[in-house]
Amino acid sequence: MAKERELILKLGQKITDRIGHKVTVEDPEYWGLASVVTDEMAEVALSMKVRVPVTAEQIAKNCGKSLKKTEELLKEMSVIGLIEYNWENPRHEKQYILPMFVPGCAEFMVMNKAQVEEHTEIADFFEQMSRLPLEKVTPMVPPGGAGIGMHVIPVEKAIPTEQKSASVEHISHWLKKYKDKYAVGLCSCRLQQRIRGEGTGDIEGELCIGVGDMADYLVETNKGRYIDYDEVIEILERSEKNGFVHQITNIDGQDKIFAICNCAAGVCNALRTSQLFNTPNMSRSAYRASVDPQNCVACGRCVEVCPAGAAKLGQKLCTKNGAIEYPQQELPDTVKWGPEKWDPNYRDNNKINCYDTGTAPCKTACPAHLPVQGYVKMAAQGRYLDALKLIKHENPFPAVCGAICNRRCEDACTRGTIDEAVAIDEIKKFIAEQELNSEQRYIPKTENHEGKQFEEKMAVIGAGPSGMSATYYLRTKGYPVTIFEKESRPGGMLLNGIPSFRLEKSVIEAEIDVLREMGVEFRCGIEVGKDVTIQQLRDEGYQAFYLAIGAQGGRKTGVPGEDAESVMTGVEFLRKANIAEDERALSGDTVVIGGGNVAIDVSRTALRSGSDKVLQFCLESREIMPAAADEIKEAEEEGIEIRNGWGPKEIVTENDQVKAVVFKKCTSVFDEDGKFNPQYDEQELFTVECKNVIVSIGQSIEWGDLLENTKVERNKNNTAVADSFTLQTGEPDIFVGGDVYTGPKFAIDAIAAGKEACESMHRFVHKGHSLTLGRDRRQFIELDKDEIEIETFDNAKRQIPGKKSGVSRETFRDLRSAFTEEQVQAEAARCLGCGATIVDPNKCIGCGLCTVQCEFDAIHLSRDLPAASNMWKAEDKLKAILPYAAKRKIKITFSKNK
């Protein structure tokens, strides 16, 4: 056990602001300092007063050391972060300050990156010294923070010009005050949380701006670099875009700050005061946000960036019992406040997206949770490019989904309870086509939080919808991404499994072109596991892998005769047909076995490939047939016969050629537990003569040697085993998503998984970051449609898109037209506007980030709390706290009596 160091104990006791606490060797005040502070440094520091500037000459005299030795020690103490500088004196001479712990030396010690990585206990020291002194005092702190810690300063353009404001509430005031004296350094909070293993995906970087003397201190001690005004503005604006909260130091009164920080809610020690302790007075600005329900479309962008969990999605439709009254956070103003009132899980709880009473069904039902109300309203306003950008925030391939989506949003649409659902997918298709046909495509920025590129290389295996989705979002974060695809061209099942009459190849290629413009590298014709192994890719520098190879194999029924030459799986047939689009590939009659959407595609493609007649058989009755109703209708309109309730018994062959199929009557498909367990009447048979049989009863996953020498496990159905939230497998750097994880589903499910994989990979490659902590779980609840009261609405009928000229069954081209602009306007007006953001005023800290993200002028700041702009010196904090605490005590007593 290390010997107790008396000087360090004394120094810890001298600096600490834990009132009435006697420091021991078990306390962070001791072991935090002891890790890097020598006894000689402690002697010098003990000769100084806390937060009192003093020259080197005075310090030398006080500590009894030579001036030369004192200056040497002061330089070392400055570099390790124990002291700071001051030139704000009449003679403008260099002075030294022994600061408090936070904001102060505990923070500065972390800013020395090499030091904190060697002495990791410094990270814990900073975390604890930003928390422990506040545990008892924080409920008694008045608005404005009483000279303790940091203070939120709003996004300047969010401050209402028509309302009176104080100069200290404007960043421009402080930038003008410290004109030409700026430096930028690493964010100490992000760094310390990463060191502690509690990173939340907010990566450290040059984000904190030192002003005045602090700028010189950062540069002289190698903790930062000088920047000019333009770079300050660039950092501030980029921070607002990324959802970082502006805060200023709040320990020197109305006339002085030394830093403007751009804080991430999941890791910031200062923001934690209002979140962990539920005491927003510690940090909130004079402003609070409120929502104009008429303009709000529940897109959720404000909810995503709200650092306090104050904004959540709710509804604006009234219930049969009137408008919903939303709960508000309890505050310590009139009740006793202790640990039982704290929220230790604030990082996760602040990411809850909506209230229990629910929000818009369309957003809830969509696997990617698209902001449907938002893009529908933008389309109504003619803001098509804005609508496209809003869509691409959640789905990078709107043109693809506009053609093939299974429209769960429409199934859930509240309007459907009145007449017919809003034609959401058709509106999305129109929006996407406007951009596809424009001279200049929308190419999103591909940069990280610092406006740079990350160096960590990402590998995506499989260029289908899930793989390309993950790639898109990884590039928007600034990662170099390579997609490996075993086929000769990217697109996966979008290109090889969906016929052109449903999804034109030009549409897919146009979406892929965007990825190329974003700098994605495609390596086609390479099968990972065969041509190159995952380990070899690791050796090339790839640090995370997303396996999204899809379910690219077909399944057969196992009946006799299936091995005949003219029997194919649906997947095999569609791949050949999509490559060749040969109108003479088949001849004679074709039987298709299967009842899903893929089977319908197979039947329609067989018709276009030369079949004289196509008959489709499936086990399910028409009522439970899995194919979409509109696709069944289109197939029958083309002359395809669908016969329900039959399963194959035998394929009759002669000389390896199909002659007929014998079917048996299916009496039930599922057992009493709802499991697939078909039962047949073997006596009721039906024989169909045909020349071709295509079996489309499902898809299988063909791993090849991809998983060789990995720890990735597989389920009985051959899907990969992975965490349901993070998609991480048993091999930590391998993530999976799409059909290889879920089994065959829809493109939108795969796209949604790709975005989640991106977030996991991003966190994984930065060691010290949790894959789950403070992460948006994207769990939405549908409002109760049976309980809403709709008084007025646009009574227009649902619009129906036109068709291009031609006979559908005779062409591989997509003859479906998009809406006209007039139809879009009419259809958008049918939306009932179910959802809206609700802001809890007791949780709002007035940062204004919500207003930056809002594209609908629906959320604004109001100066409700002018007292929150009162800034005190740390030395005067009791002058602010004691009167407020006394009034609070009276309120608590009165509240009890009442």
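Predicted model: local features only at pLDDT ≥ 70, side-chain atom pairs only at ≥ 80, totals over all residues.
Local features were taken at pLDDT of at least 70, side-chain atom pairs count only at pLDDT 80 or more, and totals for chains, interfaces and linings use all residues. Residues are numbered from 1 along each chain as its sequence is written, and side-chain values use heavy atoms, with hydrogens and water left out.

I begin with the sheet. Its 5 strands are arranged in the order 13-12-11-14-25, forming an open sheet with parallel pairing. Here, helices (H or I, at least four residues) and strands (E, at least two) are DSSP runs numbered from the N terminus, and two strands pair if DSSP finds at least two bridges between them. Strand 13 (521–524) and strand 25 (734–736) are at the edges with a single partner strand each, so one side of each has no neighbour in the sheet. On average, neighbouring strands of this sheet are turned by 20° against each other, direction ignored. Strand 11 (residues 457–461) is joined to strand 12 (residues 481–485) by 4 bridges, and Ile461 has Phe484 of strand 12 as its bridge partner. Helix 22 (residues 465–476) packs on the sheet, touching strand 11, strand 12 and strand 14 (542–547); contact means heavy atoms within 4.5 Å.

I turn now to the helix pair. Helix 27 (residues 597–608) packs with helix 28 (residues 629–637) at an angle of about 20°, and their axes are 10 Å apart. Axes are lines fitted to C-alpha atoms, for helices over the stretch in contact, and angles run from 0 to 180 degrees between N-to-C directions. On the helix 27 side, Asn597, Ile600, Asp601 and Arg604 meet Glu631, Ile632, Glu634 and Ala635 of helix 28.

Next, a single residue. Ala270 is found in the loop between strand 8 (259–263) and helix 13 (272–276). Is Ala270 buried or exposed? Its relative accessibility is 16%, so Ala270 counts as buried, where buried means under 20% relative accessible area, exposed over 50% and partly exposed in between (1.4 Å probe, protein chains only). Apart from neighbours within four places in sequence, Ala270 contacts Met150, Gln247 and Ser283.

Finally, strand 4 (residues 182–186) is mostly covered, with 4 of its 5 residues buried. Strand 4 runs antiparallel to strand 5 (residues 206–211), joined by 5 bridges, and Tyr182 has Val211 as its bridge partner in strand 5. With strand 6 (residues 224–227), strand 4 pairs in the antiparallel sense over 4 bridges; there Val184 stands opposite Arg225.
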